[in-house]
Amino acid sequence: MVDGVNDKALFTMKLIFTLAVIAGLCAIAVNGADAMTLKIVQASGGLNVRAEPSVEAKAVYLLENCETVVVLEERQGWALVAKNLPPHGVLGWACADYLK
């Protein structure tokens with residue numbers, strides 16, 4: 001167990017993160033080098049990362065201003081972002097307007 005996270009949950013989080021990175025790398029292979037990019041949070045109060053690409057979705061993490069994230073995908077004003085590796089990492093959706 002790591003910081004209150006059991007081994008099965010930790011394995012699941014690592015697997016999801018790994019699959020997301022692989023999906024991003026596949027997108028690069030198909031769509032070119034800008035399919036996965038590094039961006040910086042530009043939101044003075046921080047930027048919520050959400051479980052789904054919707055303002056109604058649960059916020060799962062708050063990124064700090066000037067934090068760097070990997071953007072795996074962008075769609076309809078939302079960016080699928082990854083930050084660090086589980087169990088202390090995050091994978092979710094953030095408003096793309098605040099990522100530069």
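Helices (H or I, at least four residues) and strands (E, at least two) are DSSP runs, numbered from the N terminus. On that basis the chain runs α-β-β-β-β-β-β from its N terminus, which comes to one helix and six strands. This is a predicted model, in which local features need pLDDT of at least 70 and side-chain atom pairs count only at pLDDT 80 or more, while totals for chains, interfaces and linings use all residues. Residues are numbered from 1 along each chain as its sequence is written, and side-chain values use heavy atoms, with hydrogens and water left out.

**Whole chain**

- Of the 100 residues in the chain, 33% are buried; buried means under 20% relative accessible area, exposed over 50%, and partly exposed in between (1.4 Å probe, protein chains only).
- The accessible surface of the chain is about 6200 Å², and carbon and sulfur atoms hold 58% of that surface; such areas come from the Shrake-Rupley method with a 1.4 Å probe, and for residues only the protein chains shown count as cover.
- Among contacts (heavy atoms within 4.5 Å) with a separation of 6 or more, 46% join residues 24 or more positions apart.

**Nonpolar cores**

- A nonpolar core is a set of buried Ala, Val, Leu, Ile, Met, Phe, Trp, Tyr and Cys residues joined through side-chain atoms within 4.5 Å.
- The largest such core has 14 residues, and Leu47, Leu63, Val81 and Leu99 touch the most other members.
- Two or more residues of this core come from each of strand S2 (47-50), strand S4 (68-75), strand S5 (78-83) and strand S6 (90-95); S6 gives the most, with three residues.
- Leaving aside neighbours within four places in sequence, Leu63 is in contact with Val41, Gly46, Leu47, Val49, Val69, Val81 and Lys83.
- Another core, of five residues, lies apart from the largest one and includes Trp78, Leu80, Ala82 and Trp93.
- In soluble globular proteins, nonpolar side chains tend to be buried together.

**Arginine 50**

- Arg50 is found in strand S2.
- Arg50 is buried but has no salt bridge, and the nearest side chain of opposite charge, Glu56, is 8.3 Å away; for charge, Lys and Arg count as positive and Asp and Glu as negative, with His and the chain ends not counted.
- The side chain of Arg50 reaches the backbone oxygen of Val55 at 3.4 Å, and a polar atom of that side chain lies 2.7 Å from the backbone oxygen of Ala57.
- Not counting residues up to four places away in sequence, Arg50 touches Val55, Ala57, Lys58, Ala59, Val60, Trp78, Gly92 and Trp93.

**Salt bridges**

- The whole structure has three salt bridges, each being a side-chain nitrogen of Lys or Arg within 4 Å of a carboxyl oxygen of Asp or Glu.
- Lys39 and Glu74 meet at 2.9 Å, N to O; this pair links distant parts of the chain, with Lys39 in strand S1 (residues 37-40) and Glu74 in strand S4, 35 residues apart.
- Glu74 counts as partly exposed, at 45% relative accessibility.
- Glu67 and Lys83 meet at 3.8 Å, N to O; Glu67 lies in the loop between strand S3 (59-63) and S4 and Lys83 in strand S5, so the pair ties together parts that are 16 residues apart in sequence.
- Glu67 counts as buried at 16% relative accessibility, and Lys83 is buried with a relative accessible area of 16%.
- Glu73 and Arg75 meet at 2.9 Å, N to O; Glu73 is partly exposed at 30%, and Arg75 is partly exposed at 39%.

Notes. Polar contact = N/O pair within 3.5 Å; in protein donor to acceptor, adjacent residues only side chain to side chain.
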